[in-house]
Amino acid sequence: MQQDRELTVGVVAKRCGVKVSTLHFYEEKGLINSWRNSGNQRRYHPEVLRRISIIKAAQKLGVSLESIKQAFAALPNNRTPNKHDWQKLSNQWQQDLNERINYLTNLRDLLTGCIGCGCLSMKHCPMYNPDDVLAQQGSGAVILEQNID
Ligand code: FES
């Protein structure tokens, strides 16, 4: 019964917190699918709510729509994806997501100290970047970049 539910574009947009135009955009990009009912109105399967929620979460992490589309390619279009299908997607994204998690964690942890940017404005700068000696190693926040890459 649950899976036979047909959702309107308005219900999907409201439940996912996106504009109707965003749904059309996701459809144009091949990220989600809909069909037309006898009244030629768009209808969605309930699993589209999960897809859109994951698209939004991934975009917040800076994952590109193209990368999301490639990951979604592993999901079946002719039936509701099950745990095994999502596990396949998760495995594909695991490394990318772990790198982003590490990046964000390091960024959070390093922001309170000297990041080697040349400003020499922090208490620890003289210790970690005396006279901006790190400028010889490259441009930008040398310490931050070293710890993140
Ligand atoms: S934070 Fe800029 S040089 Fe230390």
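How are helix 1 and helix 3 oriented to each other? In this predicted model, the axes of helix 1 (residues 9-16) and helix 3 (residues 47-60) come within 10 Å and cross at roughly 40°. Angles under 35 degrees count as roughly parallel and those of 65 to 115 as roughly perpendicular; the two helices are therefore oblique to each other. Their crossing is right-handed. The contact is formed by Val12, Arg15 and Cys16 of helix 1, which meet Val48, Leu49, Ile52 and Lys56 of helix 3. By class, the residues of this contact comprise five nonpolar and two charged, with no polar residue.

Within helix 1, the buried residues are Val12, Ala13 and Cys16. Viewed down the helix axis, these buried residues fall within an arc of 95°, so they line one face of helix 1. Lys14 and Arg15, on the other side of helix 1, are exposed. The cover over the buried residues of helix 1 includes helix 3, together with strand 1 (7-8), helix 2 (20-28) and strand 3 (42-44). Helix 1 is followed by Gly17, which has a positive phi near 70°.

A further site was examined at Ala141, in the loop between helix 6 (125-128) and helix 7 (142-148). The relative accessible area of Ala141 is 13%; because buried means under 20%, Ala141 is classed as buried. When neighbours within four places in sequence are left aside, Ala141 is in contact with Ile115, Gly116 and Cys117. Ala141 and Lys69 are 72 residues apart along the chain, and their C-alpha atoms are separated by 33 Å.

Terms used. Residues are numbered from 1 along each chain as its sequence is written. This is a predicted model: local features need pLDDT of at least 70, side-chain atom pairs count only at pLDDT 80 or more; totals for chains, interfaces and linings use all residues. Side-chain values use heavy atoms; hydrogens and water are left out. Helices (H or I, at least four residues) and strands (E, at least two) are DSSP runs, numbered from the N terminus. Buried means under 20% relative accessible area, exposed over 50%, partly exposed in between (1.4 Å probe, protein chains only). Contact means heavy atoms within 4.5 Å. Axes are lines fitted to C-alpha atoms, for helices over the stretch in contact, and angles run from 0 to 180 degrees between N-to-C directions. Angles under 35 degrees count as roughly parallel, over 145 as roughly antiparallel, 65 to 115 as roughly perpendicular and the rest as oblique. A crossing is left-handed if the near helix is turned anticlockwise from the far one by less than a right angle, and right-handed if clockwise. Ala, Val, Leu, Ile, Met, Phe, Trp, Tyr, Cys and Pro count as nonpolar, Asp, Glu, Lys and Arg as charged, and the others, Gly among them, as polar. The arc is that of the directions from the helix axis to the C-beta atoms.
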